[in-house]
Amino acid sequence: MDEGARPIGLRRIIQMNDVWATYGSGHALRGVSASIESGSNYAIVGRSGSGKSTLLRLMNGMLAPERGAVRVGYDVPDARGRRFRRTLRTIGYIPQNLGLVKNTTVLRNVLLGALPRLGAVQSALGRFPEGEVAEAERVLASVGLGGMGHRKAHALSGGERRRVAIARALMQHPTILLADEIVSELDPGTAREIMGLVSEAQRRTGLTAVMVHHDVSLALEYASRVAVISEGKKVLEIGVDGDSITDFQTGSQSTREAVEAYSRDA
Amino acid sequence: MTPSGNLVAGIIVALVVAASVNLGANPGLFIGGLPNLWIVAEEMIQVDPGLVPDALLAMAETIQMAFVGTMVGVAIALPMSLLAARNIAPAYVHAPVRALLAAVRTFPSILWAILFVIMVGIGPFAGILAIIMYTVGFVAKLQYEVIEAIDPEPMDAVLAIGASRLQLVRHVVIPESASHLLGQLLYMLDYNIRQTSILGLVGAGGIGFYVITYLQFFEYGKAAVFMLVVLASVLAIDWASTRIRDRYIVRPYSGP
Ligand SMILES: Nc1ncnc2c1ncn2[C@@H]1O[C@H](COP(=O)(O)OP(=O)(O)OP(=O)(O)O)[C@@H](O)[C@H]1O
Ligand SMILES: [Mg+2]
């Protein structure tokens with residue numbers, strides 16, 4: 001990642017220190033520490049229920065840690081707090097089922113990304129400024145959905161829906177993109193096209209991508225770091241540079257195949 | 001049936017018999033009263049066709065009352081349903097609003113009509129107010145249940161980017177709950193026309209007023225004209241609203 005593209009003056013844009021999280025009973029996360037470099041593509045993999053989605057929700061403050069500290073830039077994430085609102089506007093979030101509004105059009109879904117920068121009265125009337133509409137149309141075209149703005153969101157294919165969700169996030173002019181399994185359940189070709197959109201946006205704007213993956217090989221292909229979560233703990237974090245992989249806990253070097261084998265067991 | 005099932009059934013039968021004796025509900029009276037029905041029927045057959053225009057006018061008034069009451073009621077119910085939805089409003093708002101709505105629903109529309117006749121006097125206005133109250137209590141409940149069933153993910157996705165509650169309502173809650181609204185409106189209008197037809201019994205306007213007046217003077221033939229007009233109108237409205245529903249109501253999409 002070239003140094004000039006860093007959007008928020010901090011080299012480590014997201015930091016987590018010994019974070020615990022709970023939904024009431026039991027612990028979803030048990031002491032996770034992580035440090036995510038600005039502009040990087042950070043992947044999170046692990047079994048179902050291991051705590052991947054929870055980790056993402058801590059990064060935008062949709063969930064508060066039970067214990068430990070989370071920092072995004074200079075802020076403590078808290079989606080309900082007024083102070084963090086400004087930062088939130090530039091944190092794109094694509095939840096596990098995408099969170100599209102199904103009974104409205106593709107264009108309106110994309111425009112949701114512009115809501116935080118619009119005035120209360122204007123947006124309460126449901127109107128969007130022409131400039132925003134034009135931008136939404138441009139963004140839609142850039143994700144390969146040009147001319148599909150008028151379609152209803154529920155009448156789209158799985159791949160198209162993911163493109164809409166990415167377009168909505170890009171509409172925010174994000175410095176960080178949190179994406180939860182957005183390429184799972186897609187055929188490998190479509191999954192790579194979608195990942196290509198994220199890479200392309202990263203190249204263009206220098207945004208930091210934190211992506212949960214189901215498929216380890218996709219994570220290894222697109223991420224510069226991969227964290228493996230197991231039962232609420234980070235059991236492995238590796239740096240990916242071509243075919244050489246560094247295990248940061250032991251400092252040892254290994255190959256892609258070794259990591260794939262490891263995370264299948266994790 | 002199990003022995004305990006027999007016991008329960010036996011107890012229920014015994015209670016029904018005991019309560020009937022207690023109330024003086026004698027089946028013999030029912031049988032003996034059947035000829036009276038014949039007399040009524042005979043009088044009713046002497047329908048006076050000259051009254052049909054009057055009956056149609058009265059029905060038109062009834063439908064107007066129901067229409068105004070339903071529309072105003074729904075207009076009040078919608079914002080109330082937002083305030084009552086647990087996933088939108090905080091507890092200190094939704095708890096009192098829900099209690100208020102529950103209290104409003106406790107009264108049948110005929111009781112509201114009596115209350116408003118006392119307040120604003122005899123006439124259609126009292127009936128309209130009664131219909132509004134009933135509609136608010138009923139539609140707000142239906143609608144807050146719809147809102148509470150909305151998929152939480154789009155709401156999360158919008159709140160997670162720093163959008164305001166008002167924006168959430170306008171851009172997520174309304175589109176996701178609107179598809180049920182037309183159906184509820186039609187249902188309510190249909191139901192309210194039937195209700196309004198009887199509000200006249202307590203003086204709150206509409207066609208029921210004529211019916212009760214004629215019945216009081218034993219003019220069954222005249223009452224019958226008005227009752228037949230109610231019947232025909234209700235059937236027609238039922239047919240029309242089914243047609244509209246089938247044509248315009250899109251089945252809400254479910255799943256990711
Ligand atoms: N809203 C919730 N309420 C209660 N428990 C929850 C909630 N969300 C998650 N959990 C629990 O927290 C743990 C971690 O869940 P999380 O969603 O983070 O897993 P995940 O790694 O994303 O799994 P998946 O791959 O299936 O999406 C699980 O045990 C889950 O049951
Ligand atoms: Mg998950």
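In helix 8 of chain B (residues 165–177), the side chain of Ser177(B) has a polar atom 2.7 Å from the backbone oxygen of Val173(B). That is a polar contact, meaning a pair of N or O atoms within 3.5 Å; within protein, one has to be able to donate a hydrogen and the other to accept it, and sequence-adjacent residues count only if both atoms are side-chain atoms. Helices here are DSSP runs of H or I with at least four residues, strands are E runs of at least two, and both are numbered from the N terminus.

All this comes from a predicted model, where local features need pLDDT of at least 70 and side-chain atom pairs pLDDT 80 or more, while totals for chains, interfaces and linings use all residues. Residues are numbered from 1 along each chain as its sequence is written, chains are lettered from A and ligands numbered from 1 in the order written, and side-chain values use heavy atoms, with hydrogens and water left out.

Beyond its neighbours within four places in sequence, Ser177(B) is in contact with Gln143(B), Val146(B), Ile147(B) and Ile150(B), contact being heavy atoms within 4.5 Å.

Now slide along to helix 11 of chain B, residues 220–248. Its 29 residues should span 42 Å at 1.5 Å a residue, and the end C-alpha atoms are 41 Å apart, which agrees; the expected span is 1.5 Å times one less than the number of residues. Its buried residues include Phe226(B), Val230(B) and Ile237(B), and the buried set packs against helix 2 (27–45), helix 3 (52–84), helix 9 (181–199) and helix 10 (207–216) of chain B.

Over in chain A, you'll find 9 helices and 11 strands, and 54% of the 266 residues are buried. Ligand 1 has Tyr23(A), Ala28(A) and Glu181(A) among the residues around it, each with a heavy atom within 4 Å. Oxygen atoms of ligand 1 turn up 2.7 Å from a side-chain N or O atom of Lys52(A), 2.8 Å from one in Gln96(A), and 2.8 Å from a polar backbone atom of Gly49(A). The protein covers 57% of the 620 Å² of accessible area that ligand 1 has on its own (Shrake-Rupley method, 1.4 Å probe; for residues, only the protein chains shown count as cover).

How values were computed: Buried < 20%, exposed > 50% of the residue type's maximum accessible area, 1.4 Å probe, protein only.
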